[in-house]
Amino acid sequence: PITDLRWLDYYFKEIEEAQMIFKDRGLNVKTGLEVGFSIDSCRIIEKAIDNFPFDFILGAVHCLDHISLA
């Protein structure tokens with residue numbers, strides 16, 4: 001699992017730039033995150049959600065009983 005959230009700083013900077021570019025064109029650019037849940041990633045997911053202002057957060061299950069669903 002991803003443990004370093006610094007990439008989100010770059011993500012939000014790029015979103016902010018896109019919002020500025022497209023605001024006068026009637027396009028509202030939102031932020032989102034898809035979270036593939038696993039018990040090992042609970043703390044990092046919580047940290048990302050608590051520290052970044054996402055507009056949308058989607059949960060996903062990619063594995064059940066150690067069987068990949070993707």
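Colleague: Is arginine 6 buried or exposed?

Modeller: Read the relative accessible area (buried under 20%, exposed over 50%, partly exposed in between; 1.4 Å probe, protein chains only). Arginine 6 counts as exposed because its relative accessibility is 57%. This is a predicted model, where local features need pLDDT of at least 70, side-chain atom pairs need 80 or more, and totals for chains, interfaces and linings use all residues. Residues are numbered from 1 along each chain as its sequence is written, and side-chain values use heavy atoms, without hydrogens or water.

Colleague: Which residue forms a salt bridge with arginine 6?

Modeller: Look for a side-chain nitrogen of Lys or Arg within 4 Å of a carboxyl oxygen of Asp or Glu. Here the partner is aspartate 4, and the closest N and O atoms are 2.6 Å apart. Aspartate 4 is partly exposed, because its relative accessible area is 34%. A search of the whole structure finds one salt bridge.

Colleague: How much space lies in the largest pocket?

Modeller: A pocket is an open set of points on a 1 Å grid over the protein atoms alone, where a 1.4 Å probe fits, with protein on both sides within 12 Å along at least five of seven lines. The largest pocket here holds about 310 Å³, the space filled by probe spheres set on the points.

Colleague: Which residues lie nearest its centre?

Modeller: Lining residues have an atom within 4 Å of a point. There are 15 here, and Ile2, Val35, Gly36, Ile44 and Ile45 lie nearest the centre. Helix 1 (6–22), strand 1 (32–36) and helix 2 (42–51) each give two or more residues to this lining. Strand 1 supplies the largest share, four residues. The lining divides into ten nonpolar, three polar and two charged residues.

Colleague: Where does arginine 43 lie, and how far is it from leucine 69?

Modeller: Elements are DSSP runs (helices H or I, at least four residues; strands E, at least two). Arginine 43 lies in helix 2. Arginine 43 is exposed, because its relative accessible area is 75%. Arginine 43 and leucine 69 are 26 residues apart in sequence and 23 Å apart in space, C-alpha to C-alpha.

Colleague: Which residues make the nonpolar surface patch?

Modeller: Join nonpolar side chains within 5 Å, from residues with over 30% relative accessible area and no salt bridge. Val61, Leu64 and Leu69 make a patch of about 290 Å². Valine 61 sits in the loop between strand 2 (56–60) and strand 3 (63–64). Valine 61 counts as exposed, because its relative accessibility is 52%.

Colleague: Is threonine 31 buried or exposed?

Modeller: Threonine 31 counts as buried, because its relative accessibility is 4%. Threonine 31 lies in the loop between helix 1 and strand 1.

Key:
Patch = residues over 30% accessible without salt bridge, like charges linked within 9 Å, V, L, I, M, F, W, Y side chains within 5 Å. Areas by Shrake-Rupley, 256 points an atom, 1.4 Å probe, with all protein chains shown as cover. Nonpolar A, V, L, I, M, F, W, Y, C, P; charged D, E, K, R; others polar.
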